[in-house]
Amino acid sequence: MSLKTIFAGLLAALGSYFALMRLAYDMLPAQFIDGWASPFWEGVFEDQQVIITASIFTAISLFLGGWLSALWNKARNWKESLRHGASAGLIAGALSFNLVGAPWAGLLAQQEIYKNLDLNLSELAGTEVLFNAIMRTIQQTYSMIWLFILPSIFLGALGGLLFALDLKPEDKSAPSAKTGWLFRLPAYTLSITGIISVILMYMLTSLLFDTLEDMVTENNYVIALSPQLLSSFSSIITLLLFLLPYLLTIVWILRRWNKYPKSRFLSVFWILLPFLLLWFLANDVFRQLFNLSAILTNPIVFFMMTGIFIFSILTFYLMWFFSSNSGVEKSKYSLGDWAGYALTHGILGGTQIFASSIALALSMVLVSVTNIPTLLSTPDSTVTDTPVEQIELLFATQQSASLSAIGAMTLIALLFGGITVFLRWVTAINRREIASKETP
């Protein structure tokens, strides 16, 4: 993505953050936390009115972000306008999940813990509250990713299409702009970090489910929902973090297949590499993602797998139709081009890592684990932080962790870019592609 697209996405995310924090931080905790400050609109507006207003403001922010992205990038036809708008929406949706969606999901799923803290629960009742809260946290966190990102892409794309309506006839007939390798590189690097995110998710949830099974066994609690079902759910949802950028790389590979026959070997290697890595680095992950017994015996998992398959096919065709064409490769890019590349991978790669494991781990540690002594009546442990302090810490920690992940992924993007520049220089691929373009 260009730096202009990133800026448009940041502005849309800023508007979304301002509106959604009113619902997640001001309104939700006040419903079940004693001592939480009442929302500033209390007594003036009804909560339902505030929800509607915040939702409209968020939608307008995303819509305008898509429009600005198409405007600043000087989109020359409706396809370019839609692509720039959707890209800005993707950036805004990812940032909104990191800063608002992740703590919101944890708090929404674990509110029952706070509602029961003042009650004298038995060990069995406390175990039930704790177990259900953790299971809901898994479900809410991994669902919230796409509840933030997919509508943001859609609204950003609509904003881009609005810009296309104002294009003059002579502008609409202009050919689409072509992109070079630096603007394709984020899809490849995000495919790599997507694999890592899937592995991190499985490692975390495997450890968590083993702990949950020990806890319910120790406290004689009979579970109604198997943790393995949510394990399949988590695997399927997290798989999309890898699958979407990977599908885009496949589109580009197929488009370039006939033009650059000398690179076909690398293309075949790339197509097979993710599956080889999943098999050799995390064989358990590979089996879990395609757990046929879970798919065949549980209609929910079967429905999800079918939905993901259909969604992937539709997404592939949309990517093929709307993705940009590759042009003559440049040997040098401007500082703005590099900044756009680094921030694209930083924001989206940071979201992959944060959403797959960090967000879930922080929500459980800062709420569930912190309140175990109270829920299970552990005599030798006490909870020192009040619920208000815990929620303030939850939001602050989630936000700082997500920004740290984005910063780390931005630096890693520059490393990936430097390696790519070196490899393209060593293999002289730029000169070969330019010569191929010039050959009649």
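**Exercise 1. The crossing of α2 and α5**

Find the handedness of the crossing of α2 and α5 in this predicted model, and then describe how the two helices pack.

*Solution.* Start with the handedness: the crossing of α2 and α5 is right-handed. Next, locate the partners: α2 covers residues 47-72, and α5 covers residues 123-165. Two numbers are then needed, since packed helices are described by the angle between their axes and the distance between the axes. For α2 and α5, the angle is about 50° and the axes lie 7 Å apart. That angle makes α2 oblique to α5.

Now look at who makes the contact. On the α2 side, the residues are Ala59, Leu62, Phe63, Gly66, Trp67, Ala70 and Leu71. On the α5 side, they are Ser152, Leu155, Gly156, Leu158, Gly159, Gly160, Leu162 and Phe163. Sorted by class, this contact holds ten nonpolar residues, five polar ones and no charged ones.

**Exercise 2. The pair α1 and α2**

Decide how α1 is oriented relative to α2, and say which classes of residue make up their contact.

*Solution.* Begin with the geometry: helix α1 spans residues 3-27 and packs against α2 at an angle of about 175°, with the axes 7 Å apart. An angle over 145 degrees counts as roughly antiparallel, so α1 is roughly antiparallel to α2. The contact of α1 with α2 divides into 16 nonpolar, seven polar and two charged residues.

**Exercise 3. Buried or exposed?**

Classify leucine 14, lysine 74, leucine 243 and phenylalanine 395 as buried or exposed.

*Solution.* Keep the cut-offs in mind: buried means under 20% relative accessible area, and exposed means over 50%. Take the residues one by one.

- Leucine 14 sits in helix α1; with a relative accessible area of 57%, this leucine is exposed.
- Lysine 74 belongs to the loop between α2 and α3; at 64% relative accessibility, this lysine is exposed too. Its phi is near 55°, a positive value in a residue other than glycine.
- Leucine 243 is part of helix α8, residues 227-256; its relative accessible area is 15%, so it is buried.
- Phenylalanine 395 is in helix α15, residues 387-427; at 2% relative accessibility, it counts as buried.

**Exercise 4. The whole protein**

How many helices and strands does the protein have, and what share of its residues is buried?

*Solution.* Count the elements: there are 16 helices and zero strands. Then take burial: 52% of the 440 residues are buried. Of the contacts between residues at least 6 apart in sequence, 87% join residues at least 24 apart. The accessible surface is about 21,200 Å², and 69% of it belongs to carbon and sulfur atoms.

Technical notes: Residues are numbered from 1 along each chain as its sequence is written. This is a predicted model: local features need pLDDT of at least 70, side-chain atom pairs count only at pLDDT 80 or more; totals for chains, interfaces and linings use all residues. Side-chain values use heavy atoms; hydrogens and water are left out. Helices (H or I, at least four residues) and strands (E, at least two) are DSSP runs, numbered from the N terminus. Buried means under 20% relative accessible area, exposed over 50%, partly exposed in between (1.4 Å probe, protein chains only). Contact means heavy atoms within 4.5 Å. Accessible areas come from the Shrake-Rupley method with a 1.4 Å probe; for residues, only the protein chains shown count as cover. Axes are lines fitted to C-alpha atoms, for helices over the stretch in contact, and angles run from 0 to 180 degrees between N-to-C directions. Angles under 35 degrees count as roughly parallel, over 145 as roughly antiparallel, 65 to 115 as roughly perpendicular and the rest as oblique. A crossing is left-handed if the near helix is turned anticlockwise from the far one by less than a right angle, and right-handed if clockwise. Ala, Val, Leu, Ile, Met, Phe, Trp, Tyr, Cys and Pro count as nonpolar, Asp, Glu, Lys and Arg as charged, and the others, Gly among them, as polar.
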